[in-house]
Amino acid sequence: MADRSRGFMRDEFVTYAYILLYIALSSGQIFFNKWVLSSKEINFPYPLGLTLLHMIFSSVLCFLLTKVLKIVKVEEGMTLEIYVTSVIPIGAMFAMTLWLGNTAYLYISVAFAQMLKAIMPVAVFILGVAAGLEMMSCRMLLIMSVISFGVLVASYGELNINWIGVVYQMGGVIGEALRLIFMEILVKRKGIKLNPISLMYYVSPCSAICLFVPWIFLEKSKMEGNGTWNFHFTVLTLNSICTFALNLSVFLVISHTSALTIRVAGVVKDWVVVLVSALLFADTKLTVINLFGYAIAIAGVAAYNNHKLKKEASRVTSETASGDSESIPLVSQTTNTER
């Protein structure tokens, strides 16, 4: 009995350690990216180049882990047709999300960027309805209205609003919403099961190619003109390692807890980012209206997460009761590595 109790306590400790690791890595990566992009010491204001570096690093590391060292097994079932119709769109939207989201940090504060990100469920729901994946209901309409109102209030309370940064951040939100829609199509219509490492193995090279093309036209000449090729190798390598470690922490949290836990941890992380950024960055000045609006939006996000999880639990229960062996596998939708 004592051994069982100690084993339970050990499992509890490991679970909470993984959750804290995820929150620390996720919020820390946001601060790290902001510092790299805006710091005069690093002198690397190139969001495309930084994101491209992350995707190349992730591609190489995933290849080493799965094909050379064979520590992680790549899930089977991928075909050329599925890759072209699903993985490439996911990779393109992932590249768009990270590029525009990181670019927004050049114009707006980290805290305000996080507040704008709270509108994500609204974008996902609207696009889901358009794609036939979601059904419009009074409950969901109310939740979307609460989130939208909260984001509007938070934006109204922003002292130094920069509309260029807002446009970039909203573009990143739309890109992420489209990525999640394509992910759901991949799961529900293609029936492919991928863990985060397998997903990054397929998606990272595609995202790198999608980023490389605009990088040539938009940032390559600027980097050459400013002599930025002699960049801080150690700092950028560490930044890329942290990005990959964040993906791994997501995998660990999901495998040891549940989808609800990772969503709750995500909400806690968002608040940590908003509050800590006010201490770290001079461009962050929070107001009471800011925080009040963000609290309303987060309450709406919590209601949205609760609704989605109850819906998923009901679906799984009905499938189990009917003895359906063709259950739809789940794909983690929490692999946004840099925002």
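View 1. Asparagine 239 counts as buried, because its relative accessibility is 0%, in a model that is predicted. The residue belongs to helix α10, which spans residues 233-256. Once its neighbours within four places in sequence are left aside, asparagine 239 is in contact with Gln29, Phe32, Asn33, Val36, Leu50 and His54. Leucine 53 is 186 residues away from asparagine 239 in sequence, yet the C-alpha atoms of the two are 9.5 Å apart in space.

**View 2. The whole protein, as a setting for the other views.** The protein has 12 helices and 0 strands, and from the N terminus on its elements run α-α-α-α-α-α-α-α-α-α-α-α. Of its 339 residues, 48% are buried, while the protein exposes about 16600 Å², with carbon and sulfur atoms supplying 69% of that area. Among the contacts between residues at least 6 apart in sequence, 88% join residues at least 24 apart.

**View 3. The packing of helix α2 against helix α8.** Two packed helices are described by the angle between their axes and the distance between the axes. Helix α2, residues 47-68, and helix α8, residues 196-218, pack at an angle of about 150°, and their axes are 8 Å apart. Because angles over 145 degrees count as roughly antiparallel, α2 is described as roughly antiparallel to α8. The crossing of these two helices, α2 and α8, is left-handed. On the α2 side the contact includes Leu48, Leu52, Met55, Ile56, Ser59, Cys62, Phe63 and Lys67, and on the α8 side the residues they meet include Ile197, Met200, Tyr201, Ser204, Pro205, Leu211, Phe212 and Trp215. Sorted by class, the contact of α2 with α8 has 16 nonpolar, 7 polar and 1 charged residues.

**View 4. Serine 59 within the contact of α2 and α8.** Serine 59 lies in helix α2, and it is one of the α2 residues that meet α8. Is serine 59 buried or exposed? With a relative accessible area of 18%, serine 59 is buried, since buried means under 20%. When its neighbours within four places in sequence are left aside, serine 59 is in contact with Ser204 and Pro205, and both of these partners are among the residues of α8 that meet α2.

View 5. Lysine 70 is found in the loop between α2 and α3, the latter helix covering residues 80-104. At a relative accessible area of 64%, lysine 70 is exposed. Most residues other than glycine have a negative phi. The phi of lysine 70, however, is near 55°, which is a positive value in a residue other than glycine.

**View 6. Helix α4 and its packing against helix α6.** Helix α4, which covers residues 110-117, is mostly covered, with 8 of its 8 residues buried. These buried residues are Val110, Ala111, Phe112, Ala113, Gln114, Met115, Leu116 and Lys117. Helices α4 and α6 pack at an angle of about 160°, with a separation of 9 Å between their axes, and they are therefore roughly antiparallel to each other. Their crossing, that of α4 and α6, is left-handed. Phe112, Met115 and Leu116 of α4 make the contact with Val151, Ala154 and Ser155 of α6. By class, the residues of the contact of α4 with α6 divide into 5 nonpolar, 1 polar and no charged.

**View 7. Leucine 141 in helix α6.** Leucine 141 has its place in helix α6, which runs over residues 138-156. Its relative accessibility is 48%, so leucine 141 counts as partly exposed.

**View 8. Alanine 299 in helix α12.** Alanine 299 is found in helix α12, whose residues are 288-321. The relative accessibility of alanine 299 is 46%, and the residue therefore counts as partly exposed. Although alanine 299 and isoleucine 143 are 156 residues apart along the chain, their C-alpha atoms are separated by 9.0 Å.

Methods:
Residues are numbered from 1 along each chain as its sequence is written. This is a predicted model: local features need pLDDT of at least 70, side-chain atom pairs count only at pLDDT 80 or more; totals for chains, interfaces and linings use all residues. Side-chain values use heavy atoms; hydrogens and water are left out. Axes are lines fitted to C-alpha atoms, for helices over the stretch in contact, and angles run from 0 to 180 degrees between N-to-C directions. Helices (H or I, at least four residues) and strands (E, at least two) are DSSP runs, numbered from the N terminus. Angles under 35 degrees count as roughly parallel, over 145 as roughly antiparallel, 65 to 115 as roughly perpendicular and the rest as oblique. A crossing is left-handed if the near helix is turned anticlockwise from the far one by less than a right angle, and right-handed if clockwise. Contact means heavy atoms within 4.5 Å. Ala, Val, Leu, Ile, Met, Phe, Trp, Tyr, Cys and Pro count as nonpolar, Asp, Glu, Lys and Arg as charged, and the others, Gly among them, as polar. Buried means under 20% relative accessible area, exposed over 50%, partly exposed in between (1.4 Å probe, protein chains only). Accessible areas come from the Shrake-Rupley method with a 1.4 Å probe; for residues, only the protein chains shown count as cover.
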